[in-house]
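Please keep the sequence and the model in view while going through the points.

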Amino acid sequence: ERFQRIDYAAKPLAEKLSYYLQGLQGAPQAFGGTPSGINWIHANDHFVCRRAHSIPLTAFSDYEGKQNEREVEQILAQMANPVLAHLSWRFREWYRCPRLLAAIAAPPLKEVWRNMMEIVEQS
């Protein structure tokens with residue numbers, strides 16, 4: 001399937017990112033995982049939150065205060081836009097594909113429905 005193929009093409013970026021941000025390895029993923037192997041929302045959050053709070057990308061990492069901190073900071077900065085671009089592509093695909101959208105949207109909507117019905121039954 002097209003989604004799987006393109007997401008798999010992002011695997012080198014995911015692996016490089018996971019090398020520097022090891023917390024991305026083994027992070028929870030929807031639907032048992034993706035071909036690229038990471039949760040792209042978590043990856044993008046690393047960049048967005050640090051930018052929003054003016055915190056270096058290497059802050060709170062194993063690279064903070066180390067000799068190669070500046071080099072790693074630059075490497076991570078170069079990955080920020082490709083990570084956002086891939087996540088944006090994934091969201092765009094989800095909203096274009098009824099099957100993917102159903103798989104993503106149905107479980108939380110069913111949970112909301114169940115909770116609403118529980119409240120109605122308790123009334």
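1. The lining of the largest cavity consists of four nonpolar residues, two polar residues and one charged residue. Here Ala, Val, Leu, Ile, Met, Phe, Trp, Tyr, Cys and Pro count as nonpolar, Asp, Glu, Lys and Arg as charged, and the others, Gly among them, as polar. A cavity is a set of points on a 1 Å grid over the protein atoms alone where a 1.4 Å probe fits but cannot get out, and lining residues have an atom within 4 Å of a point.

2. This is a predicted model, in which local features need pLDDT of at least 70 and side-chain atom pairs pLDDT 80 or more, while totals for chains, interfaces and linings use all residues. Residues are numbered from 1 along each chain as its sequence is written, and side-chain values use heavy atoms, without hydrogens and water.

3. Which residues line the largest cavity? They are N44, F47, V48, R51, A80, N81 and L84. Helix 3 provides the largest share, four residues, and helix 3 and helix 4 each supply at least two. Helices are DSSP runs (H or I, at least four residues), numbered from the N terminus.

4. The volume of the largest cavity is about 40 Å³, a volume being the space filled by probe spheres set on the points, which are joined across faces, edges and corners.

5. R51 belongs to helix 3 (residues 40-52). Is R51 buried or exposed? With 54% relative accessibility, R51 is exposed (over 50%; buried is under 20%, partly exposed in between, with a 1.4 Å probe and protein chains only).

Definitions and conventions: 1 Å grid on protein atoms, 1.4 Å probe; cavity = no way out; pocket = protein on both sides within 12 Å on 5 of 7 lines; lining within 4 Å.
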